[in-house]
Amino acid sequence: MLTHIRSLALVGIVTLVAGAAHAQTAPAPRAAAHGALPVPSIAVVNTVLLQEQASAMKSIKEQMQKEDQSFKSEVEKREKDLRTADQELQQQRTLLSSDAFGERRRNFEAQVSESQRYMAARKRQLDTGFSEGMRQVDVALNAVLREIASERGLNLILARQSTLLAEKVLDITDEVKQRLDKRLPRVAIKLPPLQK
C-alpha cells in the first residue's frame with residue numbers, strides 16, 4: 001500500500017513538474033505574481049489522544065476534578081442550609097406578625113441572592129483557573145509543533161479529527177506527546193481570587 005502511495009506521489013510530482021513546464025510557455029496567472037505556493041509537507045496530530053494521554057492534561061483533569069468535587073460539596077451544603085432556613089421560616093409564618101415575617105422573608109431572600117452570587121463567582125473562578133491551565137498547554141503544544149515542523153520541513157499540521165484519510169507515516173502524535181510531556185509534565189492550576 002505504501003509503495004502504491006509513493007508511486008502516486010511520484011505521479012503527482014511528475015504532473016506538477018509537467019504543469020510547471022507548461023506554465024513557462026503560458027502567460028503567468030495573477031496568483032503567481034506573489035510567488036509560487038510551497039509544495040505541501042503535511043503531518044497529522046490526534047488532538048483527542050493528546051487531551052486524554054498527555055501528562056499536563058492529566059494533571060489539569062485531576063486538579064479540576066478535586067476542585068469540582070469541592071464546588072459540588074459547597075453547592076450541596078448551601079442548598080441544604082437554604083432549604084432548612086426556608087422550612088423554618090414557613091413554620092414561623094403563623095407565629096410571627098406579617099411585618100416580622102416580611103422582614104425575615106427579605107433576609108432569607110437576601111441570603112439566597114448572596115449564595116447565588118457566591119456560587120456564580122466560584123464557578124467563574126474555576127473556569128478561569130481551567131482556562132489558564134489550558135493556555136499553558138496550548139503555548140507548550142504550539143512550541144512543540146513549531147519545533148517538529150522546523151526539524152522535518154513541515155508546512156502544514158492538521159488535527160487528525162478533521163482529516164478523512166491520512167497514512168500512518170504522516171501521524172506525529174506519539175512524538176508530539178513525548179515532547180509535550182517532557183516540556184510540560186504538569187500544570188499547577190492557580191485559582192484567581194474570588195470576586196463576587
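This is a predicted model: local features need pLDDT of at least 70, side-chain atom pairs count only at pLDDT 80 or more; totals for chains, interfaces and linings use all residues.
Residues are numbered from 1 along each chain as its sequence is written, and side-chain values use heavy atoms, with hydrogens and water left out.

The protein contains 5 helices and 2 strands. Helices (H or I, at least four residues) and strands (E, at least two) are DSSP runs, numbered from the N terminus. Along the sequence the order is α-β-α-α-α-β-α. Helix α3 covers residues 55-92. Its 38 residues reach 56 Å from first C-alpha to last, close to the 56 Å expected. The expected span is 1.5 Å times one less than the number of residues. Helix α4 has 55 residues and should span 81 Å; its end C-alpha atoms lie 79 Å apart, which agrees. Glycine 153 follows α4 and has a positive phi, near 70°.

Of the 196 residues, 24% are buried. Buried means under 20% relative accessible area, exposed means over 50%, and partly exposed lies in between (1.4 Å probe, protein chains only). In α3 the buried residues include Ala56, Ile60, Phe71 and Leu89. The cover over the buried residues of α3 includes α2 (47-53), α4 (98-152) and α5 (173-183).

The largest nonpolar core holds 27 residues. Such a core is a set of buried Ala, Val, Leu, Ile, Met, Phe, Trp, Tyr and Cys residues joined through side-chain atoms within 4.5 Å. Ile60, Val137, Ile172, Val176 and Val187 have the most contacts inside this core. β1 (42-45), α3, α4 and α5 each supply at least two of its residues. The most come from α4, with 11 residues. Contact means heavy atoms within 4.5 Å. Beyond its neighbours within four places in sequence, valine 176 is in contact with Val45, Leu50, Leu141, Val144, Leu145 and Ile148.

Leucine 184 lies in the segment after α5. Leucine 184 counts as buried because its relative accessibility is 15%. Not counting residues up to four places away, leucine 184 touches Ala56, Gln136, Val137 and Ala140. Leucine 184 and alanine 56 are 128 residues apart along the chain, yet their C-alpha atoms are separated by 6.1 Å.

The protein exposes about 14,000 Å², and carbon and sulfur atoms supply 56% of that area. Accessible areas come from the Shrake-Rupley method with a 1.4 Å probe; for residues, only the protein chains shown count as cover. Ile42, Leu156 and Leu158 form a nonpolar surface patch with about 200 Å² of accessible area together. Leucine 158 sits in strand β2 (residues 156-159). Leucine 158 is partly exposed, at 31% relative accessibility. Patch residues have over 30% relative accessible area and no salt bridge; like charges are joined within 9 Å, nonpolar side chains (Val, Leu, Ile, Met, Phe, Trp, Tyr) within 5 Å.

The whole structure holds 15 salt bridges. A salt bridge places a side-chain nitrogen of Lys or Arg within 4 Å of a carboxyl oxygen of Asp or Glu. Glutamate 109 pairs with arginine 105, the closest N and O atoms being 3.6 Å apart. These two residues are 4 apart in helix α4, so about one helical turn separates glutamate 109 from arginine 105. The side chains of arginine 179 and glutamate 151 meet at 2.6 Å, N to O, in another salt bridge. This pair links distant parts of the chain, with arginine 179 in α5 and glutamate 151 in α4, 28 residues apart. Glutamate 151 is exposed, at 51% relative accessibility. Salt bridges link Glu147, Glu151, Arg152, Glu175, Arg179 and Arg183 in a network.
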